[in-house]
Amino acid sequence: METLAGRITHYYTSIGVAAVEVSSSLEVGNQIRIKGHTTDFEQKIEAMQIEHKEVIKATKGQVIGLKVKDYVREHDMIYRVDP
């Protein structure tokens, strides 16, 4: 089952980090799927940051920095993949 968890608001190409506006909770260790017009892949959250500080959990309304394994685009959606 997949739950909508956020939306990409910016992608920093040089460092491979996406800015994500969280719409549901996300935690380090969650399996996520990033899906958009030309994007569709899964990955595990290894680390996230809020204002350059490492965090374990993010909740609705927060904006996080998320290291991603592939190129993403603004408006791509992030889904939490629940077992």
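Reader: Which residues touch the most other members of the largest nonpolar core?

Author: Happy to start there, with a predicted model in which local features need pLDDT of at least 70, side-chain atom pairs count only at pLDDT 80 or more, and totals for chains, interfaces and linings use all residues. Residues are numbered from 1 along each chain as its sequence is written, and side-chain values use heavy atoms, leaving out hydrogens and water. A nonpolar core is a set of buried Ala, Val, Leu, Ile, Met, Phe, Trp, Tyr and Cys residues joined through side-chain atoms within 4.5 Å, buried meaning under 20% relative accessible area with a 1.4 Å probe, protein chains only. Of the 18 residues in this core, those touching the most other members are Val 20, Leu 26, Ile 64, Leu 66, Val 68, Val 72 and Ile 78.

Reader: Which elements give two or more residues to this core?

Author: Strands here are DSSP runs of E, at least two residues long, numbered from the N terminus. The contributors are strand 1 (2-12), strand 2 (17-22), strand 4 (31-35) and strand 9 (63-67).

Reader: What does Ile 78 touch?

Author: Contact means heavy atoms within 4.5 Å. Leaving aside residues up to four places away in sequence, the partners of Ile 78 are Thr 3, Leu 4, Ala 5, Gly 6, Ile 8, Val 20, Ile 32, Arg 33, Ile 34 and Leu 66.

Reader: How many strands does the chain have?

Author: From the N terminus on, the elements run β-β-β-β-β-β-β-β-β-β. That gives zero helices and 10 strands.

Reader: What share of the residues of the chain count as buried?

Author: The chain has 83 residues in total. The buried share is 35%.

Methods: Helix = DSSP H or I, 4+ residues; strand = E, 2+ residues; numbered from the N terminus. Buried < 20%, exposed > 50% of the residue type's maximum accessible area, 1.4 Å probe, protein only.
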